[in-house]
Amino acid sequence: MNIKLKKRFIGFIWGVALFPFVFLLLMIILINWGVFGKMPTFEQLENPQSELATEVYAEDGNGNYTLLGKFALKNRSHIEYKELSPNLIKALVATEDVRFVKHSGIDYRSLARVLFKTVLGRNDKYGGGSTITQQLALNLYSERSSNRIKRVIQKLQEWVTAVNLEKNYTKSEIITMYFNTIPFGYESYGIRTAAQTYFNKLPAELSVEESALMVGLLNAPSWYNPVKHPQRAKDRRNVVLSQMLKYGYMAKKDYDSISKLDIKLNFKLTNHNTGYGTYFRELLRQVMKMQKPDIKNYRFKTREDYVADSIQWEINDLYGWCNKNLVNGKPYNIDRDGLKIYTTINAKMQQYAEEAVVEHLSKTIQPQFNDSKRYRKRFPFSNNMKESDINESIRRAMRASDRYQKLKSAGYSESEIMKSFDDTLQMTVFSWKAKNRETDTLMTPRDSIWYYKSILRAAFMAIEPNTGRIKAYVGGPDFKYFKFDNAWQGRRQIGSTVKPFLYTLAFQEGWTPCSKVLNNTQVIPLPEGGIWSPKTSEKEEYIGKEITLKLALALSSNNVSAYLIQRLVPHNLAKLCHDFGLTGYMDPTPAICVGSSDMSLFEMTSAYNVFPSKGMYTFPFFVSHIEDRHGNRLASFVPAPQEVINENTAYLTVNVMQGVTMGGTGTRVRNYVPYSMDVAGKTGTTNNNSDGWFIGYVPKLTTGVWIGNEDRGSYLLGDGARMSLPIWGLFMKKVLADKNIPIRETDKFDIPANMDMSNLNCSEESTSD
């Protein structure tokens, strides 16, 4: 071979040998230039996608806060390195990247394996061999591709990002970012959320075996799911433990004992359908995300709704907070910006409220209602409800269903859609009797609508006098299956719960609890012609006799209410109710005095709160302050009370409402609290027992309860004292038993200093007014 040919051959060999490196260098340059996709900035590396869950906190009763729930697209919470258990770090390094502390982002041994076995050998069983730093890069910014060419480019992108990470961050910072971004299953992103989900612990509290289980999940969270596949999860955990043993992170005797342990979880799924305060959290989300009211968006609502919302936008800083306040020139995103919202909810009281609702509905009222099926022609509807009205109710529910909307969007005809509602399907439905309140069954979609219409609904709210702080809130029987919030969104006829406002109006006009009225049937001529004469339900022994206003309210006498409204004028009662914060329309006719108007439990409970608050009205207040993800306070909220009646008038109403619980329609409260305890309240029942109400208060807490059905034509089996009052009683019994809650049986309503006690100490023989 001559010298010239030899030089060419050597040059060719060098070219072949150097080509991959030149090509690799060129690819890296192009990647850095963003030719194959935009590279992340350092700010993005520190704050991946800015998708941090907003955390909602409740008061724990000891001056601290406890996590109530989260808002998130991805349930992610960040953690600092010092908050990580050393066991986690050892398990991760031993399993995923034993040379982590030695390399600079790329492990060249793994690089050789990728090149010769995965790429050239086309053998996937050897994997990618990515370092922890490369995995961090991939988890943050890439989607795994099945295309081999794209996988090569993707791998190079990981390398470049990994090198940038190693240049700018310490090993501990990289470990921290890794644990903050990795998915662990059940929508849990990051080790803080995962530790809470699987063990209800902080990451620092995880044991060796728990840490090994967490790291084992990273390989395939669904396949090694410890809830559904405990044996697989145990086997994978033991693989991690064996790696820790192999690389000197644990002793042989520890491995032998720990590897034999069964998996023990304290599984607590964290999503918007689970945990306490689900309805409250949704209320909070809706209020904070409200847009500025626009009359064009109120086609299906009343003008009163628009006015009420407009007022809230102007005077309530929390209403629309996310849109009123900007971050980086954009409205706050409650699902991504990692806010910390500190609420007024008391965690224990919230628990007691939900327990009371569940206990009364599931064990008493729902079974009794189900038994009424035998004498109802078309359960759950009343026998006197028209057939056409029943059919229309079912049709409306069908058209509002997801099934109808999806089929309509897909182009199916009305007849085809309606026919599909008669196909028998396997489905999971709500059931009080089943574990976790759901059961699998065969049912047609039409039958499922009938079934859900038979499930009773409930609402509950407890609010603190003077401050208006909401302490507990329940909007329905189960948020997962019944998203409609009956406390906030629901407006139902209020029945006799309107009467304390009527009596308050009378006291403002000079009447007293001892004023007497002849209890006779009232016949009131109407301006448009005809008459109005309400039925009354008190015992015959009281009819035709003079009775005091205190006894009249205790008996919930419609005769006396009709007598008063003739003298006090319906318009004046409507105005007073609006002063008390009731925003719904109140038709100024005589029937207003027996509760013909529709209101929400939210408004009614806050209105009743005026009485123990000595005449001051405070719009329900449920957030104390908001912080950003770094703990900087963004907003603080304080109540804004305003006087609607004077203290003396308020106490007169308190006095007559105490009579309701001492021998009137609300006497059942004494089955739960002693007679010596100061309690005031009022029951309410609407036409044909469609709705049952009880709103009661003690000196330090006002609590409202409503029970009804989805349809007003589905009548209940009793009045408010039977349907709703027991929930109030079960709740108060638990509250009084909890010594960490500052509510006692000995608490007393404050009597105004200038109160004329002769107006209170009356008998049924007193002179009539």
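A residue is called buried at under 20% relative accessible area, exposed at over 50% and partly exposed in between, computed with a 1.4 Å probe on protein chains only. By that definition helix α7 (residues 171-181) is mostly covered, with eight of its eleven residues buried. The buried ones are Ile 174, Ile 175, Thr 176, Met 177, Tyr 178, Phe 179, Asn 180 and Thr 181.

The model is predicted, so local features need pLDDT of at least 70 and side-chain atom pairs count only at pLDDT 80 or more, while totals for chains, interfaces and linings use all residues. Residues are numbered from 1 along each chain as its sequence is written, and side-chain values use heavy atoms, with hydrogens and water left out.

**Overall make-up**

The protein has 27 helices and 24 strands; these are DSSP runs numbered from the N terminus, helices being H or I of at least four residues and strands E of at least two. Of its 769 residues, 51% are buried. Contact means heavy atoms within 4.5 Å. Among contacts with a separation of 6 or more, 68% join residues 24 or more positions apart.

**Cores**

A nonpolar core is a set of buried Ala, Val, Leu, Ile, Met, Phe, Trp, Tyr and Cys residues joined through side-chain atoms within 4.5 Å. The largest one has 138 residues, and those with the most contacts inside it include Phe 460, Phe 501, Leu 564 and Met 732. Helix α15 (residues 347-371) gives the most to this core, with nine residues. Another core, of 40 residues, lies apart from it and includes Tyr 178, Ala 195, Phe 199 and Met 214. Leaving aside neighbours within four places in sequence, Phe 501 touches, among others, Leu 573, Phe 580, Met 604 and Phe 611.

**Helix packing**

Axes are lines fitted to C-alpha atoms, for helices over the stretch in contact, and angles run from 0 to 180 degrees between N-to-C directions.

| Helix pair | Angle | Axis distance |
|---|---|---|
| α20 (residues 499-508) and α25 (residues 647-660) | roughly 135° | within 9 Å |
| α3 (residues 86-96) and α10 (residues 230-246) | about 90° | 8 Å |
| α20 and α22 (residues 558-568) | about 45° | 10 Å |

Angles under 35 degrees count as roughly parallel, over 145 as roughly antiparallel, 65 to 115 as roughly perpendicular and the rest as oblique. Helix α20 is therefore oblique to α22, and α3 and α10 are roughly perpendicular to each other.

The contact of α3 with α10 involves residues including Lys 90 and Glu 96 of α3 and Arg 236 of α10. From α20 to α22, the contact residues include Leu 502 and Leu 505 of α20 and Leu 564 and Leu 568 of α22.

**Backbone exceptions**

Most residues other than glycine have a negative phi, and most peptide bonds are trans. The bond from Phe 379 to Pro 380 is cis, with omega near 10°, and Pro 380 sits in the loop between α15 and α16 (387-399). Asn 436, which is not a glycine, has a positive phi of about 60°. Asn 436 belongs to the loop between β8 (425-430) and β9 (438-443) and counts as exposed, at 63% relative accessibility. Arg 437 lies in the loop between β8 and β9 and has a positive phi near 65°. With a relative accessible area of 27%, Arg 437 is partly exposed.
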